[in-house]
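Let's take a walk through a protein together. Keep the picture open and follow along as we go from the whole thing down to single residues.

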Amino acid sequence: MPHLPKKFCKTLTMLKFQKNDQIKITAGKDKGKAGKIDAVLGNGVIVGGLNLATRHQKSAGEGKPGGRIQIPKPIGFGKIALICPKCSKPTRISFLSEKGAAKVRICRKCKAKI
Ligand SMILES: [Zn+2]
């Protein structure tokens with residue numbers, strides 16, 4: 001996307017992924033794994049059960065034992081691919097603006113609206 005302010009590019013990338021989308025991780029230690037988007041953040045997405053970081057937590061008093069807890073960390077937009085619900089393949093997204101309607105997402109492989 002040439003000649004566009006960086007901020008705008010980022011916003012557009014964020015729009016490509018939405019909560020409850022099925023995605024596949026294309027890079028990093030969880031490469032090849034698939035999951036569902038739980039939340040979309042400014043710098044990536046949270047996918048349930050993937051890209052976990054282990055945090056060592058101290059005991060916070062009686063009844064609250066410490067230990068290792070696993071928290072999901074955001075996965076960068078560049079490391080994920082959307083899985084098209086129609087053709088079940090990791091795909092890239094393009095946008096289609098229809099007159100009088102909101103922008104819709106299109107699968108670049110099967111041209112289905114997502
Ligand atoms: Zn498709």
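The centres of domain 1 and domain 2, taken over C-alpha atoms, are 25 Å apart. Domain 1 covers residues 16-83 and domain 2 covers 86-114; those bounds come from an automatic or database domain assignment. What you're looking at is a predicted model, in which local features need pLDDT of at least 70 and side-chain atom pairs count only at pLDDT 80 or more, while totals for chains, interfaces and linings use all residues. Residues are numbered from 1 along each chain as its sequence is written.

So where do the two domains meet? Five residues of domain 1 are in contact with five residues of domain 2. Being in contact means that the C-beta atoms of two residues, placed from the backbone, lie within 7 Å. On the domain 1 side, strand E6 (residues 80-83) gives the most, with three residues. That side divides into three nonpolar residues, no polar ones and two charged ones. Here Ala, Val, Leu, Ile, Met, Phe, Trp, Tyr, Cys and Pro count as nonpolar, Asp, Glu, Lys and Arg as charged, and the others, Gly among them, as polar.

Now zoom out. The C-alpha atoms fill a box of roughly 60 × 30 × 25 Å, taken along the principal axes.

Next, find the open sheet of five strands, in the order E3-E2-E1-E6-E7 with antiparallel pairing. Two strands pair if DSSP finds at least two bridges between them. At the edges sit E3 and strand E7 (90-91), each pairing on one side only. Starting from the E3 end, three bridges join E2 to E3 (residues 45-47), and Ala39 stands opposite Ile46 in E3. A hairpin of four residues links E2 to E3. E2 (residues 34-40) is also joined to E1 (residues 22-25) by three bridges, again antiparallel, and Lys24 has Ala34 in E2 as its bridge partner. At the other end, E6 and E7 pair over two bridges, with Ile83 opposite Pro90 in E7.

What about the inside? Of the 114 residues, 13% count as buried, which takes 20 or more other C-beta atoms within 10 Å of a residue's own; with 12 or fewer a residue is exposed, and in between it is partly exposed, with C-beta atoms placed from the backbone. The largest nonpolar core has ten residues, among them Ile23, Val45, Leu82 and Cys107. Such a core is a set of buried Ala, Val, Leu, Ile, Met, Phe, Trp, Tyr and Cys residues joined through C-beta atoms within 7 Å. E1, E3 and E6 each supply at least two residues of this core.

Finally, is Ile69 buried or exposed? Ile69 is exposed because it has 11 other C-beta atoms within 10 Å. Ile69 lies in strand E5 (residues 67-72). Leaving aside its neighbours within four places in sequence, Ile69 is in contact with Arg55 and Gln57.
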